[in-house]
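Open the model in your viewer and keep the selection panel at hand. We will go stop by stop.

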Amino acid sequence: MSEIKRNPPWDYDEIILALDFYFEHSPSIPDKQSSEVAELSSTLRKLAKRLGNAVSGDYRNPNGVYMKLMNFKSLDPAYDGAGLASASAKDREVFEAYGDDLKSLREAAAAIYDGAMSDEPIAVTDEPDDLDHEAVEGKLLIRTHRTRERNVGIINKKKEAVRKATGKLACEACGFDYEEKYGERGRSFIECHHTVPVSQLRPGQKTKLSDLVVLCANCHRMVHRGKHWLSIDELQEVVLG
Ligand SMILES: [Zn+2]
Ligand SMILES: [Zn+2]
């Protein structure tokens, strides 16, 4: 039995790059044979390789990329959607997140583009919780975020600074203190969260101590649960009510 291999569905980061291209050129989208579409195709292939995906010869080729661009028309109020191919649920989500905020779309697309072109090491796999609740910014920026907040050197410096300033190592949102609860076993345990919005992450940036907050594992999970991560102010509002 012959097997037809289909290219995998588009991911958030890919859709963000394509949607940014769409708005940059709309209403006159360059045609399939244009150098612009070829360039977008090659960026998408680099991004996929960066994420460790298998990239077949026709992966995100200009034909497929052009079709995706046409799908956006069905979501764009500037067009009468009649007769246009329908967009996917993820296309719709990205369109809804960014369609009326082109500045943020530009920023996210630029961060993804820079990340795709970079060779800074990033985490190879997603966390299990990311698979259920993938943020709308897409895998590449999330992995960059994870990698930065697990940099042991800077984490240890942050812990030291917090201990010096407060005399303990308690969650900055809910106050949970591992050592107080678990004794010796909990000593020095706390997680760090990187507060810089993922769309502002660029390859090679140095993490500053002020970019990090210390959070207990529960609070940290809650920040990352859901498509839109909580800011520390939002988290505190939830926790303290
Ligand atoms: Zn907490
Ligand atoms: Zn985090």
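A residue counts as buried when its relative accessible area is under 20%. Keep that cut-off in mind, and remember that this is a predicted model.

**Stop 1: helix H7**

Select residues 139-149, which make up helix H7. How many of its 11 residues are buried? The count is 10, so the helix is largely enclosed by the rest of the structure. The buried residues are Lys139, Leu140, Leu141, Ile142, Arg143, Thr144, His145, Arg146, Arg148 and Glu149.

Now show the side chains of Glu149 and Arg146. They meet in a salt bridge, 3.6 Å from N to O. Both residues lie in H7, 3 residues apart, about one turn of the helix. Glu149 counts as buried because its relative accessible area is 3%. Arg146 has a relative accessible area of 8%, so Arg146 is buried too.

**Stop 2**

**Stop 3: the zinc ion, ligand 1**

Move to ligand 1. Its protein donors are the SG atoms of Cys171, Cys174, Cys216 and Cys219, lying 2.3 to 2.4 Å from the zinc ion. What is the geometry of this site? It is tetrahedral, with angles of 104 to 116° among the 4 donor atoms. The spacing of the donors along the chain reads C-x2-C-x41-C-x2-C. Cys171 lies in the loop between helix H8 (152-166) and helix H9 (178-182), while Cys216 lies in the loop between strand S2 (212-215) and helix H10 (217-224), so the pair ties together parts that are 45 residues apart in sequence. Cys171 and Cys216 are both buried.

**Stop 4: other salt bridges**

The whole structure holds 11 salt bridges. Select Arg187 and Glu184 next. Their side chains meet in a salt bridge, 3.4 Å from N to O. Arg187 is partly exposed, at 44% relative accessibility. Glu184 is exposed, with a relative accessible area of 58%.

Then pick Lys208 and Asp211. Their salt bridge spans 4.0 Å, N to O. Asp211 counts as buried, at 10% relative accessibility.

**Stop 5: Glu36**

Go to helix H2, residues 35-50, and click Glu36. Is Glu36 buried, exposed or partly exposed? Its relative accessibility is 34%, so it counts as partly exposed. Leaving aside neighbours within four places in sequence, Glu36 is in contact with Phe21, His25 and Pro30. Draw a distance from Glu36 to Phe21: the C-alpha atoms are 9.0 Å apart, across 15 residues of sequence.

**Stop 6: a nonpolar surface patch**

Finish with Val238, Val239 and Leu240. They form a nonpolar patch on the surface, with about 290 Å² of accessible area together. Leu240 belongs to helix H11, residues 232-240. Its relative accessible area is 61%, so Leu240 is exposed.

Terms used:
Residues numbered from 1 in each chain as written. Chains lettered and ligands numbered in written order. Predicted model: local features only at pLDDT ≥ 70, side-chain atom pairs only at ≥ 80, totals over all residues. Heavy atoms only, no water. Helix = DSSP H or I, 4+ residues; strand = E, 2+ residues; numbered from the N terminus. Buried < 20%, exposed > 50% of the residue type's maximum accessible area, 1.4 Å probe, protein only. Contact = heavy atoms within 4.5 Å. Patch = residues over 30% accessible without salt bridge, like charges linked within 9 Å, V, L, I, M, F, W, Y side chains within 5 Å. Areas by Shrake-Rupley, 256 points an atom, 1.4 Å probe, with all protein chains shown as cover. Donors = N, O, S within 2.8 Å, 3.2 Å for Na, K, Ca; no water. Tetrahedral: all angles 85-135°; square planar, octahedral: opposite > 155°, others 65-115°.
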